[in-house]
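Reader: I would like a close look at one part of this model, followed by a few words on its surroundings.

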Amino acid sequence: PVVGLYFGANCYRACRDLLPELLSAYKALNSTHKQMEVVYISADRDEEEFQHSTQHMPWLALPYGDWQHREVMVEMFEVRDYPSLVLFTGAGQLLTLHGVAALNAGVEYFPWDAAQLQRAAEEKQRREKAQQAEGQRLEREWAERRLEAGFVAVQRLRGVPGTVEFGAGGRVLFKQWATVGCPQHLISAGKVFFEVSLLRVAQGCPQIGWATAAFECREGYHKDGVGGPHSFAIDGMRMKKLDRGAETDFGLRWNDGDVLGCAIDHDEKRALFGLNGRWCLDTAFTLPGPVYPAVSASLLVEVALNFGERQFVFGPPASPFVPLHARAEVTNTEPHLN
């Protein structure tokens, strides 16, 4: 059988989260005959916590208070974080110091030796590639349908494929840090406007604004978002404006359900923003040239972009401004992600 030394403590959330997974694997592997044994090495703060930790554990535990043996094992197996799981063969040969990762791979890779963990890593990589390819296909089809319907096409510009979900009514859900925008629709003249419904922003970091043609579009994670090089944006959660990497205080704090207005006036080379119909007519940014709408956001941020394909909630700051949809000619339909 495989033997696991489980270093943990009930006071750590990660240990409480791991315990059901370890119990499930333990029961599955031992359902017909004994394949796994576990010994709990406690880091609990007192004996009451230790009793609470062990009451649902069907395996062995080092007695509480045996600090000498505990410290020897912590040092020997380089335990720095909790939970930690060190796995051995029944003959005492070390399998891995990273048993939590092995457990997360699944019982189908038991006994979690080097060959099985290599197989797990390769299969995980294949699954991720397939998921990314499917994400790219869905994103491409979504953009093509929007263009065929004569609408402004929003695409992922930065981030891992599949981490942005596009939906009806201009909805965009961010599953991790990413950037979306409309690089096919560079606006180079006139007064245009679009609106963003902030469906869920309170727990995230949204940056909303404009990017130039020089904004780098690339596959994979990129720490900079809109407001970094070749772009500018406002961040209502931090009440900042971001001008090509420079930050200054700006505006009011956003809340879930707010509606942000974004306008540019190419005649006067300036960008304006409004919140819930109240416009700040001071110039937020000076336009460097043609730009297109762009949004960066973190996990669980959800917005709805309205370029004029449907009725606005509040509308533009003044009558000369027209919906971006009315001025958004397709200027580039070639693939844009590097």
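Which residues lie nearest the centre of the second largest pocket, and how many residues line it?

Author: This is a predicted model, in which local features need pLDDT of at least 70 and side-chain atom pairs pLDDT 80 or more, while totals for chains, interfaces and linings use all residues. Residues are numbered from 1 along each chain, and side-chain values use heavy atoms, without hydrogens or water.

Nearest the centre of the second largest pocket are Gly251, Leu252, Leu275, Arg278 and Cys280, among 16 lining residues. Strands E13 (231-235), E17 (270-275) and E18 (278-286) each give two or more residues to this lining. A pocket here is an open set of points on a 1 Å grid where a 1.4 Å probe fits, with protein on both sides within 12 Å along at least five of seven lines; lining residues have an atom within 4 Å of a point. The pocket holds about 250 Å³ of space, the volume filled by probe spheres set on the points. Its lining divides into 10 nonpolar, three polar and three charged residues.

Elsewhere, Arg70 sits in helix H3 (residues 67-76); helices (at least four residues) and strands (at least two) are DSSP runs. Arg70 is buried, with a relative accessible area of 13%, the cut-off being under 20% with a 1.4 Å probe. Beyond its neighbours within four places in sequence, Arg70 is in contact (heavy atoms within 4.5 Å) with Ile41, Ser42, Ala43, Leu62 and Tyr82.

Helix H1 also has buried residues, including Cys15, Leu18, Leu19 and Tyr26. What covers the buried residues of H1 includes strands E1 (2-8), E2 (36-42) and E4 (84-88) and helix H4 (99-105).

Conventions
Buried < 20%, exposed > 50% of the residue type's maximum accessible area, 1.4 Å probe, protein only. Nonpolar A, V, L, I, M, F, W, Y, C, P; charged D, E, K, R; others polar.
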